Amino acid sequence: MNPASRMVYYAEVWEMVRQIPVGRVATYGQIASLLYPPEGITPQAYKAFSPRWVGGAMAACPDDVPWQRVINSQGKISLRRGEGQTNQRELLEAEGVIFDERERVDLSRFRWSGPENK
DNA sequence: TCCTTGACTCAGA
DNA sequence: CTCTGAGCCAAGG
């Protein structure tokens, strides 16, 4: 897959993430499932790896993307290796998202319901 | 070209 | 519900 296609995909991810309202969170897999696979990617490959691509997109996201609202399917914050603990949790708490004592979010309560097919 | 790693997920205990 | 382990395909060294 060429770099250009990947950038386009990243841009789509960011666009989707920007639609997550304040006080809500979404999972990597959820974001991925809302987007169409990049060109030249088989459905199987997409299913298997899209969550990590979303992660990759987050790693390179612009400042106007609320990356902190994207967490893993367990409701926990995932950080890139070596990346020190950021204040992602504080950012979310400031938006009204509640973390339990194990730094976990109750997805059944804060999970973003999707683009609402506006 | 080969080998390791990955902001993940799902199934099984 | 929580903890472990295996697997997914591509990118990067």
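This is a predicted model: local features need pLDDT of at least 70, side-chain atom pairs count only at pLDDT 80 or more; totals for chains, interfaces and linings use all residues.

User: Is threonine 27 buried or exposed?

Analyst: Threonine 27 is buried: its relative accessible area is 10%, and the cut-off for buried is under 20%.

User: Which residues is threonine 27 in contact with, leaving aside neighbours within four places in sequence?

Analyst: With those neighbours left aside, threonine 27 is in contact with Val70, Ile71, Asn72, Ser73 and Leu107.

User: Turning to the aromatics, how many pairs are there?

Analyst: The count comes to five aromatic pairs. One of them joins tyrosine 10 and tryptophan 14, with 6.2 Å centre to centre and 50° between the planes.

User: How is the pair of tyrosine 10 and tryptophan 14 classed?

Analyst: That pair is tilted. An angle of 50° between the planes falls between the limits of 30 degrees for stacked and 60 for edge-to-face, so the class is tilted.

User: Where do tyrosine 10 and tryptophan 14 sit relative to each other in the helix?

Analyst: Both belong to helix H1 (residues 3–18); because they are four residues apart there, about one helical turn separates them. Tyrosine 10 and tryptophan 14 are both buried.

User: Which residues form an aromatic cluster?

Analyst: Tyr9, Tyr46, Phe49 and Trp53 form one aromatic cluster.

User: And the largest nonpolar core: how many residues does it have, and which have the most contacts inside it?

Analyst: The largest nonpolar core has 21 residues, and Tyr9, Val13, Val17, Ile31 and Met58 have the most contacts inside it. At least two residues of this core come from each of H1, helix H2 (28–34) and helix H3 (43–59). H1 provides the largest share, six residues.

User: Where does glutamate 103 lie, and what is its relative accessible area?

Analyst: Glutamate 103 lies in the loop between helix H4 (88–94) and helix H5 (107–110). Its relative accessible area is 38%, so glutamate 103 is partly exposed.

Methods
Residues are numbered from 1 along each chain as its sequence is written. Chains are lettered from A and ligands numbered from 1 in the order in which they are written. Side-chain values use heavy atoms; hydrogens and water are left out. Buried means under 20% relative accessible area, exposed over 50%, partly exposed in between (1.4 Å probe, protein chains only). Contact means heavy atoms within 4.5 Å. Rings of Phe, Tyr and Trp (its six-membered ring) pair if their centres lie within 6.5 Å; planes under 30 degrees apart count as stacked, over 60 as edge-to-face and the rest as tilted. A nonpolar core is a set of buried Ala, Val, Leu, Ile, Met, Phe, Trp, Tyr and Cys residues joined through side-chain atoms within 4.5 Å.
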